[in-house]
Amino acid sequence: MTNRMPELLCPAGNLESLEAALHFGADAVYGGMKQFGLRAFAGNFDEDALTQAVEKMHGAGKKFYLTMNIFPFDDQLDDFVAAAKAARDIGVDAAIVSDLGAIAALRREVPELPLHVSTQASTVNAEAVRVYRDMGCERVILARETSIARAKEIIRRVPEMEIETFVHGASCMAYSGRCLLSAAMAGRSGNQGECAQPCRWHYSVVEEKRPGEYFPVFEDEKGTYIMNSRDMCMIDHLDELCDAGIDCLKIEGRAKSAYYAAIVTGAYRHVLDDVWAGRTPDRIWRDEVEHV
């Protein structure tokens, strides 16, 4: 293992979820402003709420990372940079950004704001990590498609960069979340933070010569899931992630409840502490996240 326990980074869609994650053991939380994040329908934070959130985390000796990971168009970039300047003045610990142009603009216009590269950037190799390092980024959140073994090799090749991975929660069925289903079917682009999650809708099969007859497709007792992936759960593999040298373990769920944030944060906190101390984690924590 490395000499430093990985940071446990938890979702904060609003102040209630932030307080729950903080109380149950988060080292840091991530949340969005009212625009420019990929969870437009989470509660999110206006500038007053963001100030309160950052002060609450810093008062507890913890960190707040701001999600600014949409893919901005040219006509959005000025407002994007202005929002980043406001976040810098409030004191967020880093901005999470996906787009190369956005990274370049923020490095030029807001050089004091640390940048983390979002999983949306689909980073899966050391060469890409070096590019982001050379652009002035501090951390890369690897694509969910990256295995533990490949993450470990990236860390070996670029040891000076912080590496973060997701460990729990929803995983888009499209590569690194770059999906167009919602834009096509609902007029809401996932790449602008407005995903309607059509991959999680229920579907039936219609045979061409039998219009109006819907044939269900069964997968398990919980329902039919034709297009979406199963949620990620790495709670049984935290020892491997620690051995690989991962700097930060991230839980998905900004659009989920404070109850969810509390239960999942608490479970991962207990297991991570046990693994780091060389203890065998209690099975109860796996059961907790299964039930929630």
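Let's start with Phe64, which is buried at a relative accessible area of 0%; buried means under 20%, exposed over 50%, and partly exposed in between, using a 1.4 Å probe and protein chains only. Bear in mind that this is a predicted model, where local features need pLDDT of at least 70, side-chain atom pairs count only at pLDDT 80 or more, and totals for chains, interfaces and linings use all residues. Residues are numbered from 1 along each chain as its sequence is written, and side-chain values use heavy atoms, with hydrogens and water left out.

Which ring pairs with Phe64? The structure holds one aromatic pair. The ring centres of Phe45 and Phe64 are 5.7 Å apart and the planes stand at 85°, so this pair is edge-to-face. As for the cut-offs, rings of Phe, Tyr and Trp (its six-membered ring) pair if their centres lie within 6.5 Å, with planes under 30 degrees apart called stacked, over 60 edge-to-face, and the rest tilted. Phe45 is buried too, at 1% relative accessibility. Helices (H or I, at least four residues) and strands (E, at least two) are DSSP runs, numbered from the N terminus.

On to the charges. Side chains of opposite charge can pair when their charged atoms come close. There are 24 salt bridges in the structure, each a side-chain nitrogen of Lys or Arg within 4 Å of a carboxyl oxygen of Asp or Glu.

One of them joins Arg139 to Glu162, with the closest N and O atoms 2.9 Å apart. This bridge links distant parts of the chain, from Arg139 in strand S6 (residues 139-141) to Glu162 in strand S7 (residues 162-169), 23 residues apart. Arg139 is buried at 4%, while Glu162 is partly exposed at 24%.

Now look at helix H9 (residues 258-277), where Asp273 and Arg269 sit four residues apart, about one turn of the helix. Their salt bridge has its closest N and O atoms 3.0 Å apart. Asp273 is partly exposed at 28%, and Arg269 is buried at 11%. Elsewhere, salt bridges that share partners join Glu7, Arg139, Glu162, Glu164 and Lys250 into one network.

Lys250 has another contact to show you: its charged end sits over the ring of Tyr30, 4.4 Å from the centre. That label requires NZ of Lys or CZ of Arg within 6 Å of the ring centre and within 35 degrees of the ring normal.
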